[in-house]
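The report below is brief.

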Amino acid sequence: MEILLALIIAILTGVGVFLTLRARTYPVVLGLTLLAYAVNLFLFAMGRLNINMAAIIQNDVTNYADPIPQALVLTAIVISFGMTAFVIVLSLKAYGEMHSDHVDGKTIEEKGENK
């Protein structure tokens, strides 16, 4: 199971980096989202999630689940949602002003003149 989780994290990270290095804004947003998913899975894996352990304090229980990984992932989800919303709005504004979705900021006419 650990190998499968590590493989999923590696694939998400690889595809996220590949898409982040693209020259269009939508693949960059998608790549950042996949990287955020990979980080969330990594944080869960580092927390060693245990099955059949109490999450809240009870009288007859001595072992409890660790709440820190869950809190970190919840925080990471909120931050990645805010980051994704900001990048989408930023890319829409750039597309509205430059009429191009290239991340280098050049319009189609400028790219044609440089060739």
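Predicted model: local features only at pLDDT ≥ 70, side-chain atom pairs only at ≥ 80, totals over all residues.

Residues are numbered from 1 along each chain as its sequence is written, and side-chain values use heavy atoms, leaving out hydrogens and water.

**The pair.** Helices are DSSP runs of H or I with at least four residues, numbered from the N terminus.

| Helix | Residues |
|---|---|
| α2 | residues 25–46 |
| α3 | residues 68–98 |

Their axes come within 9 Å and cross at roughly 175°. That makes α2 roughly antiparallel to α3 (an angle over 145 degrees). The contact residues of α2 with α3 divide into 13 nonpolar, seven polar and no charged.

**Threonine 25.** This residue lies in α2. Threonine 25 counts as buried, at 19% relative accessibility (buried means under 20% relative accessible area, with a 1.4 Å probe and protein chains only). Beyond its neighbours within four places in sequence, threonine 25 contacts Ser91, Asp101 and Val103.

**Helix α3.** Pro69, Val73, Ala76, Ser80, Val87 and Ser91 are the buried residues of α3. What covers them includes α2. At 1.5 Å a residue, the 31 residues of α3 should span 45 Å (1.5 Å times one less than the number of residues). The end C-alpha atoms of α3 are 44 Å apart, which agrees. Just after α3, histidine 99 has a positive phi of about 55°.

Conventions
Axes fitted to C-alpha atoms, helices over the stretch in contact; angles between N-to-C directions. Helix = DSSP H or I, 4+ residues; strand = E, 2+ residues; numbered from the N terminus. Parallel < 35°, antiparallel > 145°, perpendicular 65-115°, else oblique. Nonpolar A, V, L, I, M, F, W, Y, C, P; charged D, E, K, R; others polar. Buried < 20%, exposed > 50% of the residue type's maximum accessible area, 1.4 Å probe, protein only. Contact = heavy atoms within 4.5 Å.
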